[in-house]
Every structure is written in structure tokens, then in C-alpha cells.
Amino acid sequence: MINAPSPTPEQNWTEEDPIDAEIDARVAQVNQDAGLPPERPARFGPMVTVALPMVIAGILLVMGMWMFVYPLFFG
């Protein structure tokens, strides 16, 4: 982003916008009125949900290449 504003010390960039807080409160109220349980935080982080399957797939790919392609050329 070339035209992005640079953060200044007097602005708190981590503070939640009041409009977003109001929307979140309204959604929570609607869900509660509908009888839905409150939202739970995510159980697994991105390392487990994204990186771990990629590592497992990579290992399986290397094992498959070793078992089926390696003997064709060097067997």
C-alpha cells in the first residue's frame, strides 16, 4: 500500500472502533435472543490448521516420489 497513512504516536491503532463494538454487541444480542450459544474462541491456531496439513502433504509427496518415481530412473 503506497498511500497508506503512517501511524502516529497520538493515535491508538489497536483500539476497537466504537461502530464495530456496537455491531458486535448487537450480533451477540441477536444470537442470544435466538438461543444460540456465545461464540467460542478458535480451538486451533493457524499453525495447526494450515501449516500442519501442508507439512503432512509434503511428507506424503516425498514418500510417494521415492517409492514410485525413484525406481523408474535409478532402479
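Reader: How many residues does helix α1 have, and what distance does α1 reach from its first C-alpha to its last?

Author: In this predicted model, helix α1 covers residues 18-33. At 1.5 Å a residue, a span of 22 Å is expected for α1, and the computed reach is close to that value. Helix α1 therefore has 16 residues, with an expected span taken as 1.5 Å times one less than the number of residues, and from its first C-alpha to its last α1 reaches 22 Å.

Reader: Which residue with a positive phi follows α1?

Author: Helix α1 ends at residue 33, and the residue in question comes after that helix. Its phi is near 85°, and the residue that follows α1 with this positive value is Gly-35.

Reader: How many aromatic pairs does a search of the whole structure find, and is the pair of Trp-66 and Tyr-70 stacked or tilted?

Author: The search of the whole structure finds two aromatic pairs. In the pair formed by Trp-66 and Tyr-70, the ring centres are 4.8 Å apart and the planes make an angle of 5°. Because planes under 30 degrees apart count as stacked, the pair of Trp-66 and Tyr-70 is classed as stacked.

Reader: Where do Trp-66 and Tyr-70 lie, and is each of them exposed or partly exposed?

Author: Trp-66 and Tyr-70 are four residues apart, about one turn of the helix, and both lie in helix α2, which covers residues 46-74. Exposed means over 50% relative accessible area, and Trp-66 is exposed because its relative accessible area is 57%. Tyr-70 has a relative accessible area of 38%, so Tyr-70 is partly exposed.

Reader: What is the angle between the planes of Tyr-70 and Phe-74, which form an aromatic pair?

Author: Tyr-70 and Phe-74 both lie in helix α2, four residues apart, which is about one turn of the helix. Their ring centres are 5.1 Å apart, and the pair is tilted, with an angle between the planes of 35°.

Reader: Which residues do ring pairs link into a cluster?

Author: Tyr-70 takes part in a pair with Trp-66 and also in a pair with Phe-74. Phe-74 is exposed, because its relative accessible area is 61%. The cluster linked by ring pairs consists of Trp-66, Tyr-70 and Phe-74.

Reader: What is the area of the nonpolar surface patch that includes Leu-61?

Author: Leu-61 is found in helix α2, and Leu-61 counts as exposed because its relative accessibility is 54%. Residues that make the patch with Leu-61 include Met-65, Trp-66, Tyr-70 and Phe-74, and the area of this nonpolar surface patch is about 1200 Å².

Notes:
Residues numbered from 1 in each chain as written. Predicted model: local features only at pLDDT ≥ 70, side-chain atom pairs only at ≥ 80, totals over all residues. Heavy atoms only, no water. Helix = DSSP H or I, 4+ residues; strand = E, 2+ residues; numbered from the N terminus. Phe/Tyr/Trp six-rings, centres within 6.5 Å; stacked < 30°, edge-to-face > 60°. Buried < 20%, exposed > 50% of the residue type's maximum accessible area, 1.4 Å probe, protein only. Patch = residues over 30% accessible without salt bridge, like charges linked within 9 Å, V, L, I, M, F, W, Y side chains within 5 Å. Areas by Shrake-Rupley, 256 points an atom, 1.4 Å probe, with all protein chains shown as cover. Salt bridge = Lys/Arg side-chain N within 4 Å of Asp/Glu carboxyl O.
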